[in-house]
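Here is a set of exercises to work through with the model open beside you. Try each task on your own before you read the solution that follows.

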Amino acid sequence: MQIKSLTMTLSALALSAACGSAFAADSLTITSWGGAYQKSQEEAYYKPFTAKTGIKITQEEYNGEAARIRAMVESGNTTWDAIDVDAATAQQGCDEGFLTPIDYSKFGGKEAFVKGSTFDCGIPTIIYSTIYAYDADKIKDGPKTIGDLFDTKKWPGKRALQKTPFGNLEFALMAEGVPADKVYETLKTKEGVEKAFKKLDTIKKDIVWWEAGAQPPQLLASGEVVMTTAWNGRIFNANKVDKKNFKIVWDGQLLDYDLWAIPKGVKDLDAVYKFVEFASSPEAQAEQTKYISYGPALLAATAKIAPDILKDLPTAPENAKTALANDPVFWGDNKEELLKRFNTWVAQ
Amino acid sequence: MAVAALEGDAGPGVDRTSLKTKLRRAERLNRARSFSLVAPLLLFVLAVFALPIGLMLVRSVENTEVRDSLPRTMVALESWDGTATPGEGVFAAFAEDLVQTQKDRTTALVGKRINYEVPGARSRFLKAGRLIDAGGGGPWKDKFLANDAEWGSVDFWAIMKRAGGVMTPYYLLTSLDLRQDATGAVSWNFADQSIFLEIFYRTIWISFMVTLATLILGYPVAHLLAILPPKHANMLMILVLLPFTTSILVRTTAWIVLLQSNGVLNDALLALNITTERVQLIFNRFGTVLAMTHIQLPFTILPIYSVMKSIPASHLRAARSLGAGPLTAFVSVYMPQTLPGVGAGCLLTFILSLGYYITPALVGGPQDQMVSYFVALYTNREMNWGQASALGAILLLITLVLYAVFNRLVGIDKVKLG
Amino acid sequence: MLAPSYATPREKFTYLVFALYCTLVFLFLVGPILVIMPLSFSSEPWFTYPLPGLSLRWYEDFFFNERWREALYNSSIVAFFATLIATGLGTLAALGLSRGNVPFSGLILSILISPMIVPVVIVAVAMFFGFAAVGLNNTYLGLILAHAILGTPFVVITVTATLTGFDRSLTRAAASLGASPWTAFRTVTLPLIAPGVTSGALFAFVTSWDEVVVALFLASPDQRTLPRQMFSGIREQISPTITAAATFLVIFAALLMMTLELLRRRSERLRGTLA
């Protein structure tokens, strides 16, 4: 009995400690991808939002693990209020029912956004691209095509790739000469998947894997790798902030959207919507491009962007010539299976 | 106090039998009192520690997805003989179930469960879900077959039926790189999915190398600590124990700073002209074993030290005076006496190494990840909790067997800290 | 110093090699920890020697950045309560077991020690599933209970160790002189086992203070602890702030070590006078 009352006292103490922390009331936990991207969101969204509404933002980072969202929702204790997800997760989250369907009427309808970027369970925020880059201070006449990423004879040395099947399989196929518009068609076949993994096999021993978006610029800067895939904004940011001379190879770039998703079971849905509406205003989205070179998904925001920023966006015409647009339905359907295959392959 | 009373001499006037009863009662009371001191912690450990682990073990054979989501289909399949594609009855029940799973958004989850055993099943289920959403009535069999010819596969339905059972050996079999085909026969898994035996082997191998490294580094140090006068030995003991109480993350950070390509060690090697280009020292097996050895070294040293400390120095002197050379004396007289300590230290380090997660995750490459990493991966990333639990169950079994051996040989109550 | 007086020159040489080898092992043990400390005072965010300049900017970041401060606060709260529970329950259990008349005491002891042996990922995953069912995930209480479990084996081990040298006739003497069990415990037993209890408590504290795996699984952003904050930092980029945090923790650990050493000496002295 004594023990029981002791635990009760302790839990009361612990709870009061929890309530005493500055973030318990009137705050939202926003989860994003860390590093320069999250920093840009902090400047363009979180700070002005808190200034305007008084609602504090607690920041959390993740590396896009959909399972963490689902686990949280299934355990009935949703602690993340809004999450920046990729398109495949937005699709999967709807299929598996761990994301809240979005009320687009609050955002001026789906027509307000770039065509094809809207999802039932996610409001698009940016268009980003997975590209590969090298340090122009170290390599003078650098690689030009997606094939060069896999050419260890011509470009010896380590290369860093993201530790996920997403993007790498597409790059492998394009390097094998599969045209951009045939990539997903090919990946739907067993042979296509084999072909992609075979191509990756040829450079496996030269691969350094990255998981967090902040790693690629560091790996390049430290000379740990000669080239690395990356999200284009991170490279832009390293050049701008850290005065690096990284060059982006746009050939075979993989365009994708990031979206705001709301997991099921958030405590204050109205407050979350308030935040997402704020983050989907043309002013806020245009403001973000000052910090990172991602294209806004809101059509009305493009007009507010300075022309010298526009040329660095993945959607600029000269950058997008051979671009491949991510197929979220393909990834929504096949992510789990390819992830399993990929993780097995990586660990072998 | 009962104990004190019993100490007294039983005088001549005392009834012998009642004293015996009293004695027994007092003993019982005393035992109950002792146990009541132990009980709170025991209950705490059982409730907060053992019970969750037990539930996790259950999860490794649990099989609820299909049973919960497709109840009508499972009933309809009961009378299916398994020789040909099931009839309209099964498909109609299946369609009815899918209407519900579409509403609950669980179609993808059932598909995912079947997908473990039949690759491609998840997208097939999603496609079928869209077919159901499109509306319209039966007959369903032709509609499903037209949607995807695989719905006609006999093997597929056999696996569906099996997946509806209360328990499944699937996760445990997969953890051992085995698979069950549609008839239930067990064979080796496909090469592109076989990985777990290699991972168990890798885990054991890394633990072995770490144990060996700690022994080679630690044995002489333990000897030094044992023969030095206490004043000096205590000073050096602090050097052994300081890393022991320093955060694993601090030590891991230190190794990354030291070993990375542009790190301190590589800078030094280059500056001293020992190497001409930067050497890969981290994010590989070398870095993993090195960092783990650093962390485990005190665990190996301390038990060896405490055994060495109990060996009288006169033994060596006696051997020498009887004519043994220094090496012979050391190897044939001293070393055998240290074996219990060596066994305890090595076994402890080996057991603890098996469960490493953080260090390999931070300083190892993909080929250096151990079982724990995959338990975490399947929990956090792939949401395959059955697989995570099955891998955990096997790792736990190995650990507990070794723990029992340790208890037998050494006794956990002999473990000392500092 | 090491070589006995009757050693031959060749033996003396062997002892020299032996001493050198041990020095290298000690260097291996403490070197890495010492190497990162100066880096935390660097004025530039690169990990290179010689240092480009000295600065306290990383300490400023560590102590004034809201995230780090919050993490420090959370770690302190969790470690404090976890230590309290672990020490209380662990000491009681050790006292009970040392009375030598508990049935199945061997089995019970192995169960009580097992949290130290079972791979921590298994503990974390099991609690992640189990705690979710009772709503303990993402709460301070859940994290405290989990850390308390991980700390108890250390308390049981250290207190049991002090009790093995404990002369039971002392409490009997106290009782025969009319002391109540509580008084006997407070005035006789407790002072004698105090060093063991305190060093057990220190180990329990360090266990919670350093723990990262369980925190990764059970804690929400609101309960982010110091090790967890470091972990996400190491994953992304090792900023010098992490080396500042590390230096802080090393000094903290060194202070704990000294406390332990003092306690050990005290305990030896006490036992020495009583023997």
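## Exercise 1: The domains of chain B

**Task.** In this predicted model, find how far apart the C-alpha centres of domain 1 and domain 2 of chain B lie.

**Solution.** The C-alpha centres of domain 1 and domain 2 of chain B are 58 Å apart. To place that value, start from the bounds: domain 1 of chain B covers 2-59, domain 2 covers 65-168 and domain 3 covers 196-414.

## Exercise 2: A helix pair in chain B

**Task.** Decide how α4(B) and α5(B) are oriented to each other, and name the residues that make their contact.

**Solution.** Step one is the geometry. Helix α4 of chain B spans residues 71-78 and helix α5 of chain B spans residues 88-104; their axes come within 7 Å and cross at roughly 170°.

Step two is the class of angle. Angles over 145 degrees count as roughly antiparallel, and therefore α4(B) and α5(B) are roughly antiparallel to each other. Their crossing is left-handed.

Step three is the contact itself. From α4(B) come Pro71(B), Arg72(B), Thr73(B), Val75(B), Ala76(B) and Leu77(B), while α5(B) brings Gly89(B), Val90(B), Ala93(B), Phe94(B), Glu96(B) and Asp97(B). Sorted by class, the contact of α4(B) with α5(B) has seven nonpolar, two polar and three charged residues.

## Exercise 3: Annotated spans of chain B

**Task.** Look up the "transmembrane region" spans that UniProt gives for chain B, then describe the chain over residues 235-258 and over residues 286-306.

**Solution.** First, the record. An unreviewed UniProt entry carries the annotation "transmembrane region" for residues 34-58, 204-228, 235-258, 286-306, 318-336, 342-364 and 385-406 of chain B.

Next, the model. Residues 235-258 of chain B are 92% helix and 0% strand, with end C-alpha atoms 26 Å apart. For residues 286-306 of chain B, the values are 100% helix and 0% strand, and the end C-alpha atoms are 30 Å apart.

Last, the longer feature. The unreviewed UniProt entry also places "domain: ABC transmembrane type-1" at residues 200-406 of chain B. That span is 79% helix and 0% strand, and its end C-alpha atoms lie 20 Å apart.

## Exercise 4: What touches chain B

**Task.** Describe the contact of chain B with chain A, and then the contact of chain C with chain B.

**Solution.** On the chain B side, the elements that give two or more residues are α6 (107-117), α7 (121-133) and α19 (371-380). The largest share, four residues, comes from α6(B). By class, this side of chain B has 10 nonpolar, eight polar and six charged residues.

Now turn to chain C. Its contact with chain B takes 81 residues from chain C and 78 residues from chain B. Helix α1 of chain C (residues 9-39) gives the largest share of the chain C side, 14 residues. The chain C side divides into 64 nonpolar, 11 polar and six charged residues.

## Exercise 5: Two helix pairs in chain C

**Task.** Which orientation does α3(C) have to α6(C), and which does α7(C) have to α8(C)?

**Solution.** Begin with helix α3 (residues 66-98) and helix α6 (residues 140-164) of chain C, whose axes come within 6 Å and cross at roughly 40°. That angle makes α3(C) oblique to α6(C). The crossing is right-handed. In their contact, 18 residues are nonpolar, nine are polar and none is charged.

Continue with helix α7 (residues 169-176) and helix α8 (residues 181-210) of chain C, which pack at an angle of about 140° with their axes 10 Å apart. α7(C) and α8(C) are therefore oblique to each other. α7(C) passes α8(C) in a right-handed crossing.

Finish with the residues. Leu170(C), Thr171(C), Ala174(C) and Ala175(C) of α7(C) meet Ala184(C), Thr187(C), Val188(C) and Thr189(C) of α8(C). This contact divides into five nonpolar, three polar and no charged residues.

Technical notes: Residues are numbered from 1 along each chain as its sequence is written. Chains are lettered from A and ligands numbered from 1 in the order in which they are written. This is a predicted model: local features need pLDDT of at least 70, side-chain atom pairs count only at pLDDT 80 or more; totals for chains, interfaces and linings use all residues. Two residues are in contact if their C-beta atoms, placed from the backbone, lie within 7 Å. Ala, Val, Leu, Ile, Met, Phe, Trp, Tyr, Cys and Pro count as nonpolar, Asp, Glu, Lys and Arg as charged, and the others, Gly among them, as polar. Domain bounds come from an automatic or database domain assignment. Axes are lines fitted to C-alpha atoms, for helices over the stretch in contact, and angles run from 0 to 180 degrees between N-to-C directions. Angles under 35 degrees count as roughly parallel, over 145 as roughly antiparallel, 65 to 115 as roughly perpendicular and the rest as oblique. A crossing is left-handed if the near helix is turned anticlockwise from the far one by less than a right angle, and right-handed if clockwise. UniProt positions are given in the numbering used here, feature names are shortened, and annotations may be inferred rather than shown by experiment.
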